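These are my notebook entries on one structure. I set down what I looked up, entry by entry.

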Amino acid sequence: MADATRPQNLLHQLQDTLTEVGVRPGSTLMVHSSLGGTGIGATAVRDVLLRALGPDGTLVVPAFTPENSDTSREYRRMVEGMTEQEKAEFRAGVLPFEQDTTPCPTMGALAECVRSTPGAVRSAHPQTSFAGLGPRAAELLTGHDPHCHFGEGSPMARLYEADARILLLRVGFEVCSAFHLAEYRMTPPPSRRTYRCVVEEKGNWIAYEDLDLHDGDFGEIGARVPRDLYEERKWAGGRVVHIGVRDAVDSASSLMSRYRR
């Protein structure tokens with residue numbers, strides 16, 4: 001009987017946890033999550049989040065698609081061990097990014113659930129799009145510069161301006177994509193590099209330049225963010241952190257500017 005009631009109990013606990021960490025109705029909340037091992041479906045978690053935000057709140061998730069870029073770690077993992085001919089054939093068959101239909105499997109079940117919910121809005125970047133539900137989703141996600149992952153031409157900058165919040169649900173700061181905006185605001189700024197991805201149709205690979213992004217030290221940066229800037233609890237055996245986008249970005253930018261040199 002206990003096993004049968006566990007998912008429902010966890011959902012009630014999640015609702016309480018969201019209140020405890022300070023998620024408030026009417027806010028804009030960007031969620032990074034991992035639900036593996038909880039036994040709870042993404043739809044149920046989405047609904048708890050939407051109830052916590054209320055009708056005036058907006059839920060945003062990363063809907064990144066690194067699979068369609070041969071400059072991404074995910075793509076390199078997929079072709080690892082292939083012969084050169086196999087790699088060429090694989091590359092030729094990569095599907096182009098389609099804003100309304102391309103899934104985002106590497107972002108987790110909740111992100112894909114939000115992206116595919118009727119009425120969801122998705123930004124148009126072919127590699128690092130965001131998806132959202134709520135009254136501010138279109139305002140925050142429309143107009144994503146296709147040559148800007150997380151900088152001033154991206155939804156991340158708009159989330160900063162909107163004083164949005166971040167929820168890390170059973171994940172750590174190592175996946176906190178707001179830290180990428182901090183990279184654009186470092187002094188001095190990092191170097192730039194070339195990115196490639198497929199758009200419009202198979203075989204139509206495009207190249208563009210943007211910041212040389214690096215997330216290998218995000219966990220270390222998160223450990224240095226002042227503890228009084230965020231609330232933390234446990235849920236379903238994992239960490240839950242709630243922090244403002246501005247606090248995350250400003251702290252990370254200062255830290256990066258000091259020690260990444």
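**Entry 1. Backbone**

Where is the place of Arg-170? I looked it up and found Arg-170 in the loop between strand 5 (165-169) and helix 8. I note at the outset that the model is a predicted one. I turned to Arg-170 for its backbone: its phi is positive, about 65°, although the residue is not a glycine.

I then looked up Glu-200, another residue that is not a glycine and has a positive phi, here about 70°. Glu-200 sits in the loop between strand 6 and strand 7 (205-211).

The one that joins Thr-187 and Pro-188 is cis, with omega about -5°. I placed Pro-188 in the loop between helix 8 (178-184) and strand 6.

**Entry 2. Salt bridges**

How many salt bridges does the structure hold? I recorded 18. I followed some of them in detail.

I began with Arg-233, which forms a salt bridge with Glu-20; the closest N and O atoms are 3.4 Å apart. Arg-233 belongs to strand 8 (residues 230-235) and Glu-20 to helix 1 (residues 2-21), so this pair ties together parts that are 213 residues apart in sequence.

Arg-233 also meets the side chain of Glu-231 in a salt bridge, at 3.4 Å from N to O. I therefore wrote down Glu-20, Glu-231 and Arg-233 as linked in a network of salt bridges.

Glu-20 is partly exposed at 44%, and Glu-231 is partly exposed at 36%.

Next I looked up Arg-196, which forms a salt bridge with Asp-70, the closest N and O atoms being 3.0 Å apart. This pair links distant parts of the chain, 126 residues apart: Arg-196 is in strand 6, and Asp-70 is in the loop between strand 2 (58-62) and helix 3. With a relative accessible area of 31%, Arg-196 is partly exposed. Asp-70 has 14%, which means that it counts as buried, the limit being under 20%.

**Entry 3. Largest pocket**

How much space lies in the largest pocket? I noted about 820 Å³. Its lining has 29 residues, and the closest to the centre are Phe-64, Arg-73, Met-107, His-180 and Asp-215.

Helix 3 gives the largest share, four residues. By class, I counted the lining as eleven nonpolar, eleven polar and seven charged residues.

**Entry 4. Second largest pocket**

The second largest pocket holds about 180 Å³ of space. Which residues line it? I listed Thr-65, Glu-67, Asn-68, Gly-93, Val-94, Leu-95, Pro-96, Phe-97, Thr-102, Pro-103 and Pro-105. By class, I recorded six nonpolar, four polar and one charged in this lining.

Terms used: Residues numbered from 1 in each chain as written. Predicted model: local features only at pLDDT ≥ 70, side-chain atom pairs only at ≥ 80, totals over all residues. Heavy atoms only, no water. 1 Å grid on protein atoms, 1.4 Å probe; cavity = no way out; pocket = protein on both sides within 12 Å on 5 of 7 lines; lining within 4 Å. Points joined across faces, edges and corners; volume = space filled by probe spheres on them. Helix = DSSP H or I, 4+ residues; strand = E, 2+ residues; numbered from the N terminus. Nonpolar A, V, L, I, M, F, W, Y, C, P; charged D, E, K, R; others polar. Salt bridge = Lys/Arg side-chain N within 4 Å of Asp/Glu carboxyl O. Buried < 20%, exposed > 50% of the residue type's maximum accessible area, 1.4 Å probe, protein only.
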